Amino acid sequence: MQNEYPQTFARFYDLIYHQVRNNVDHDFFIDEITRTKGKVLEIGVGTGRFFTEALNRGADIYGLDISPFMIQVLLSKLSPVHQPRITLQNIVDFHYDFQFDLIVAPFRVFMHILDKASQIKALNNVFRHLNTGGKFIIDLFIPDLKQLIQGLDHQTDFEGEYEAGKKVRRIVSTRPDLIKQLINVTFRIEWDEANTVRCEDWEIPMRFFFRYELEHLIERSDFKDYRIMGDYSGNELNEKSKEFIVICKR
Ligand SMILES: C[S@@+](CC[C@H](N)C(=O)[O-])C[C@H]1O[C@@H](n2cnc3c(N)ncnc32)[C@H](O)[C@@H]1O
């Protein structure tokens with residue numbers, strides 16, 4: 001499947017995203033997860049940026065993801081007793097024999113679902129897996145129309161060392177598709193290995209949403225009770241907002 005995060009991306013994910021994202025969304029999701037008394041599910045758990053800390057802090061948390069490579073990295077961090085908490089499943093049709101008090105899909109997971117039918121299926125599947133009063137939280141970026149249309153052309157947005165003296169770089173290009181409402185993102189990873197610079201490209205389409213489309217979508221799903229915040233501190237949406245933080249309640 002084209003959308004699956006590939007091996008090289010999974011390999012360098014922690015190094016890149018702990019630096020790029022943790023100061024933005026870490027406290028919000030960790031607070032939501034650790035405040036929850038019952039079971040928690042992280043959809044699109046990835047390499048466990050939130051999962052491992054949440055588990056260490058006593059959360060009864062489960063995780064699913066569609067990328068075997070991302071899951072492989074996460075499993076390598078878990079003791080055998082906790083590994084069964086992680087499964088290879090899709091948000092659209094995942095299944096558990098029990099329900100959750102909180103389900104989160106942090107860091108744009110929902111933007112990987114491209115078509116309306118799958119978006120509704122995903123929302124309804126999540127709804128079915130929540131206890132009454134349970135919450136579902138997703139975050140999506142608000143499209144910056146100027147940047148969206150201009151696109152990015154080989155912009156280096158991360159540079160670091162994955163081992164002493166060995167560099168890794170992430171270079172991003174984007175192409176808009178206004179009819180399909182997609183941003184086609186190409187990630188280039190360049191890294192030093194065996195005295196050469198290796199390079200791998202991966203193109204992934206991300207579905208962008210506007211506010212009222214998002215509201216219509218949720219209202220077409222089984223969720224009736226929801227709110228959309230404009231940032232991770234709980235502020236209302238306004239013209240400076242960069243995020244849709246959607247909290248749906250069963
Ligand atoms: C940007 S990463 C976020 C990982 C982690 N939640 C974090 O915040 O670091 C998005 C993750 O969603 C997963 N994903 C994408 N589409 C999915 C789907 N349909 N069902 C489940 N997981 C999906 C990807 O494989 C990837 O691991």
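## Ligand site and sheets

Colleague: How far is a nitrogen atom of the ligand from an N or O atom in the side chain of Asn-90?

Modeller: This is a predicted model, in which local features need pLDDT of at least 70, side-chain atom pairs count only at pLDDT 80 or more, and totals for chains, interfaces and linings use all residues. Residues are numbered from 1 along each chain as its sequence is written, and side-chain values use heavy atoms, with hydrogens and water left out. A polar contact here is a pair of N or O atoms within 3.5 Å; within protein, one must be able to donate a hydrogen and the other to accept it, and residues adjacent in sequence count only if both atoms are side-chain atoms. For Asn-90 the distance is 2.8 Å.

Colleague: What share of the ligand's own accessible area does the protein cover?

Modeller: Accessible areas come from the Shrake-Rupley method with a 1.4 Å probe. On its own the ligand has 600 Å² of such area. The protein covers 97%.

Colleague: On to the sheets: what is the strand order in the open sheet of 7 strands?

Modeller: Strands are DSSP runs of E with at least two residues, helices are runs of H or I with at least four, and both are numbered from the N terminus. Two strands pair if DSSP finds at least two bridges between them. With mixed pairing, the order is 3-2-1-4-5-11-10.

Colleague: Which strands are at its edges?

Modeller: Each edge strand pairs on one side only. They are strand 3 (86-88) and strand 10 (225-229).

Colleague: Which helix joins strand 4 and strand 5 in a right-handed β-α-β unit?

Modeller: Strand 4 (residues 100-105) and strand 5 (residues 130-141) are parallel, with 5 bridges; Phe-100 faces Leu-130, and Ile-103 faces Phe-136. Right-handed means that, with the strands pointing away from the viewer, the path from the first strand over the helix to the second runs clockwise. The helix of this unit is helix 4 (residues 116-128).

Colleague: Which residue of strand 11 is the bridge partner of Ile-138?

Modeller: Strand 5 and strand 11 (residues 243-249) run antiparallel over 7 bridges. Ile-138 is partnered by Val-246.

Colleague: In the open sheet of 4 strands, what is the order?

Modeller: Its pairing is antiparallel. Strand 6 (155-163) and strand 9 (196-207) each have a single partner strand, so one side of each lacks a neighbour in the sheet. The order is 6-7-8-9.

Colleague: Last one: which residue takes a positive phi near 55° in the hairpin of strand 7 and strand 8?

Modeller: The hairpin of strand 6 and strand 7 has 2 residues between its strands, with Gly-165 at a positive phi of about 80°. Strand 7 and strand 8 are joined by 10 bridges, and Arg-169 stands opposite Glu-190. With 4 residues between these strands, the positive phi near 55° belongs to Gln-181.
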